[in-house]
Amino acid sequence: MKISVGLFFGGPSVEHEVSVISALQAYYAFEDERYEIIPIYMTKDSRLFVGEDVGDIEAYRNIPALLTKSIHVTLVREDGRTYLRQVKSRAFKKDYNQVLDVAFPVVHGTNVEDGALQGYLQTMGLPYVGCDVFSSAIGMDKFAQKAVLREAGISVLPAMCPNIAEYRKDPEGLLNTIEKEYGYPVIVKPNNLGSSVGIRVARDRAALESAMEFAFGFATRVLVEHAIVHLKEINCSVLGDYETAEASECEEPIAQDEILSYQDKYMGNSGKNGVKGAPVKGGGAKGSEGMASLSRKIPAEISPERREQIREMAVKTFQTLGCNGVARIDFMIDKDTDALYVNEINTIPGSLAFYLWEAVGLPYSKMLVRLIDLALKRERERANLTFSFDSNLLAHASLPKHNH
Ligand SMILES: Nc1ncnc2c1ncn2[C@@H]1O[C@H](COP(=O)(O)OP(=O)(O)O)[C@@H](O)[C@H]1O
Ligand SMILES: [Mg+2]
């Protein structure tokens, strides 16, 4: 019997489209005969679909047509196993009913990558690849993440995280505090988004005000920190779990503007300075290769000592946050002071950072199997922990029922 792997992607996130690309890229790279991969598309309104077209990147050019041809399913728990089952029966057709052994979420962004999908899968008793609920959640909250990393002695930029109510109550006061604390330039980001959505750098009061308004359009809490003027960005991926974890090659992503934009990350920029990432294997995603299309230098142009320092910090960050599977840790170097900071972790990185592992000789197909093995290992370990104890609390329970 093959191990059936439910590849979940899409979902109610602003990074929905990027997730479709990352997931199908992984689907096409899968080669191992021991696994049956079932692509499961989650629509923006959280319906799950399976079917032949769901695994075809070109079918996403017309999503309404794709859904018409596909089967609407839901997760059902029965006899100690988790099934994907058809929501509505069709006349004269056998209902779709597929057992899942493990889920593989390849989702990006708020409402999915932040522990929400992981929590759903966990509640449904389905083991899953990657970070658990806690590390997914902290991976998405830039401010909470900094606090934990700082406590562990990992260097991060100081930041403030005002909420929209504080800002509306006393905008002048807050802007004064930001100016006093950081001066200019400052950068303002929605606290829990990704893909550079909602981020602006401000060089004066008017720009700061509009950056705040802009970021508050995407989140109720925003992160404000000093903007590094002469910035070098380095990314490094980590693969493993709390016991053993290793770091990949380091890359230097190349921004076309002052910050790495959504355009840079996914749309393939002009790439004058960098090497284009690896194309989608076996896929037909011309010109939209997800994170793999970013212009970058692999390996990054840094000294061997700096490379080792970054790789060690990446592993420490991964393990401090309790991560599992593959993550990408993004670093910033202030070229004026040579200071190195962890900027953020991506717990489900674009393209699963496969190109950083190919650069150290790990083929994508092998990496995918490693990820599934790590999920199954965690499940075996969980099975040995105690999650309930027998008590007869309910045998004598009674409550006042006045309103019923
Ligand atoms: N403190 C900073 N100083 C200068 N540039 C920054 C700073 N923080 C982020 N950036 C730029 O903005 C980009 C996006 O910010 P990031 O914190 O990584 O958010 P996201 O989660 O959207 O990727 C970074 O890749 C970098 O180019
Ligand atoms: Mg980033």
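## Exercises: the site of ligand 1

Ligand 1 sits in the largest pocket. A pocket is an open set of points on a 1 Å grid over the protein atoms alone, with protein on both sides within 12 Å along at least five of seven lines; a molecule sits in one if more than half of its atoms lie within 2 Å of its grid points. The model is predicted, and local features need pLDDT of at least 70, side-chain atom pairs pLDDT 80 or more, while totals for linings use all residues. Residues are numbered from 1 along the chain as its sequence is written, and side-chain values use heavy atoms, without hydrogens and water.

**Exercise 1.** Find which residues come nearest to ligand 1.

*Solution.* Start with the 21 residues around the ligand, each having a heavy atom within 4 Å of it. Lys142, Lys189, Ser196, Ile228 and Glu233 come nearest.

**Exercise 2.** Work out why ligand 1 lies between domain 2 and domain 3.

*Solution.* First take the bounds from the automatic or database domain assignment: domain 2 is 139–154 + 229–376 and domain 3 is 159–226. Both domains give residues to the shell around ligand 1, so the ligand lies between them.

Notes
Chains lettered and ligands numbered in written order. 1 Å grid on protein atoms, 1.4 Å probe; cavity = no way out; pocket = protein on both sides within 12 Å on 5 of 7 lines; lining within 4 Å.
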